[in-house]
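Dear colleague,

My notes on it follow directly after.

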Amino acid sequence: MKQLLYIGLIAIFASCNDAGVQVTNDSGSPTPDAAGDLALAPDDGTSPDTGSTGGSDVADLGAPALDTDTPDTNVPDLPVTPVGSPGCIDGTGIAEGENTFMLEGRNRRYIMRLPNNYTRDKQWPLVLALHGNGGSTSYWDGTSGDRNIRGVLADEAILVVAEAIGGNWRDYAEEPSTWPARIDSELLYFDEIINQASNELCINPSAIFAMGFSGGGSFSGVLGCLRTDIRAIAVGGSVIYFDPESCVSTPASWITIGTLELVPGREAYRDFFRDRAGCATTASAIDPAPCTAYDNCDAATPVHYCQHPGDHIWPDFGSQAMWDFFKRFL
């Protein structure tokens, strides 16, 4: 009788093994273990059995072990979760060069410069470049000289060269009471640009940067202060355009000011972003010279300050240093 029972148990375990053993996740789908085989709960000696105080009943009865070398065809392929902006999935692209759209009754435009090796299969950083007041897109859209950011970013990032209303991010010929409304209009402009880029191109949402000189650097500060998706800014010769009490975000910051233009308004801009990032007032030398990195900044928001010897200009080291700073956050 005992021998018949023993043979019967062996048959039961063998039948279960032939049918395949599945371990399911919370959704009820079979789940492989880290090695790709089926995961079984270990026997810690506390599970009820026929009297054994350790080891499994299967081992006690001499049942054949599971074949761990055979792939489990019952485990379905898990769906791949899309990453990046919506354009990584079905974006149709944006034309190289000038692009226009209507906003608040104005015809707005920007220049799109895609990296040479752009493909929708990769998430790309997005760099927004802002010209100074009284300027145009040509300030950053050249291919030679100290401002050749197109050359620096050619294989690295998507570049959008922005254009202010009437060529001025702040129109000093207008009454100061009109400036807040202008900021709101320009924020809507960048909303549209970033939405277009995100929906039609493959953008890394965690790597959106703003850079600019003079008024363009000042408005880059507005973007870094009032948007939550600007990871870092790089600016030269800028002043505060925003109400510091209205800031909702803290970007990492790279700031350059010429010794001959070092006036209180530009120092206040530098000090605002330094203090907001939790930095000390002391700094340590960092490449490229004459740059320094403020000490004890919050880890996510370093602040670099580069005081070049010139006047109100974009320094010769600025374009490469800008990208080297942004690359820290990729």
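Over which residues does pLDDT (the predictor's confidence in each residue, from 0 to 100) stay under 50? It does so over residues 1-68, for which the model has 45 contacts (heavy atoms within 4.5 Å) beyond four places in sequence. Where pLDDT is low, the predicted coordinates should not be read in detail. The chain as a whole averages a pLDDT of 84, and 75% of the residues score at least 70.

This is a predicted model, in which local features need pLDDT of at least 70 and side-chain atom pairs count only at pLDDT 80 or more, while totals for chains, interfaces and linings use all residues. Residues are numbered from 1 along each chain as its sequence is written, and side-chain values use heavy atoms, with hydrogens and water left out.

Of its 330 residues, 42% are buried (under 20% relative accessible area, with a 1.4 Å probe and protein chains only).

Helix 8, residues 318-327, is mostly covered, with 7 of its 10 residues buried. Trp323, Phe325 and Phe326 are among them. The buried residues of this helix pack against helix 4 (149-153) and several strands, including strand 5 (203-213) and strand 7 (252-258).

Arg266 belongs to helix 7, residues 264-276. Arg266 counts as buried because its relative accessible area is 16%. Beyond its neighbours within four places in sequence, Arg266 contacts Gly237, Ser238, Val239, Ile257, Glu261 and His312.

With kind regards

Notes
Buried means under 20% relative accessible area, exposed over 50%, partly exposed in between (1.4 Å probe, protein chains only). Helices (H or I, at least four residues) and strands (E, at least two) are DSSP runs, numbered from the N terminus.
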